[in-house]
Amino acid sequence: MYENYVELIKNTLSEYRYNHSICVADRARELAKKHGADENKAYLAGILHDITKEMPDTEQIKLIEKYDRPLTYIEKGNLDKKFRHRRRRNCKRNPLPHDGAREYDAV
């Protein structure tokens, strides 16, 4: 039932993050059973909860824009903080190129 998702995260995430996601999925299923929630949905949520965790922020933003998913104010704030931090850090290490554009890490 979840083989495709398990294969997806196995091919997408590091070994550490893959194992973490499987453990979270197992625990989510246990908690769902204990509290009368849908065990299948809980397991799937556990498997996929970190699917983009190791994806560069720029790629995450492309997915958000592609699927027109609104961000909460907390998510927007987190992204703003990350990019503000990178811009400050990069300004010191990567001076402005001759065309005036900044070079940012695609972490």
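**Close-up 1. Helix H2 and helix H3 cross with their axes within 7 Å of each other.** In this predicted model, helix H2 spans residues 15-35 and helix H3 spans residues 39-48, and their axes cross at roughly 155°. Because an angle over 145 degrees counts as roughly antiparallel, this crossing makes H2 roughly antiparallel to H3. The crossing of the two helices is right-handed.

**Close-up 2. Residues of H2 and H3 that make the contact.** On the side of H2, the contact is made by Ser21, Val24, Ala25, Asp26, Ala28, Arg29, Ala32 and Lys33. H3 contributes Glu39, Ala42, Tyr43, Gly46 and Ile47 to this contact. When the residues in the contact of H2 with H3 are sorted by class, seven are nonpolar, two are polar and four are charged.

**Close-up 3. The largest pocket of the model, with a volume of about 450 Å³.** The largest pocket is lined by 17 residues, and among these the closest to its centre are Thr52, Gln60, Ile64, Leu71 and Glu75. Sorted by class, the lining of this pocket holds seven nonpolar residues, four polar residues and six charged residues.

**Close-up 4. Helices that supply the lining of the largest pocket.** Helix H4, which covers residues 57-66, and helix H5, which covers residues 73-93, each supply at least two residues of the lining. The largest share of the lining comes from H4, which provides five residues.

Methods. Residues are numbered from 1 along each chain as its sequence is written. This is a predicted model: local features need pLDDT of at least 70, side-chain atom pairs count only at pLDDT 80 or more; totals for chains, interfaces and linings use all residues. Side-chain values use heavy atoms; hydrogens and water are left out. On a 1 Å grid over the protein atoms alone, a cavity is a set of points where a 1.4 Å probe fits but cannot get out, and a pocket is an open set with protein on both sides within 12 Å along at least five of seven lines; lining residues have an atom within 4 Å of a point. Grid points are joined across faces, edges and corners, and a volume is the space filled by probe spheres set on the points. Helices (H or I, at least four residues) and strands (E, at least two) are DSSP runs, numbered from the N terminus. Ala, Val, Leu, Ile, Met, Phe, Trp, Tyr, Cys and Pro count as nonpolar, Asp, Glu, Lys and Arg as charged, and the others, Gly among them, as polar. Axes are lines fitted to C-alpha atoms, for helices over the stretch in contact, and angles run from 0 to 180 degrees between N-to-C directions. Angles under 35 degrees count as roughly parallel, over 145 as roughly antiparallel, 65 to 115 as roughly perpendicular and the rest as oblique. A crossing is left-handed if the near helix is turned anticlockwise from the far one by less than a right angle, and right-handed if clockwise. Contact means heavy atoms within 4.5 Å.
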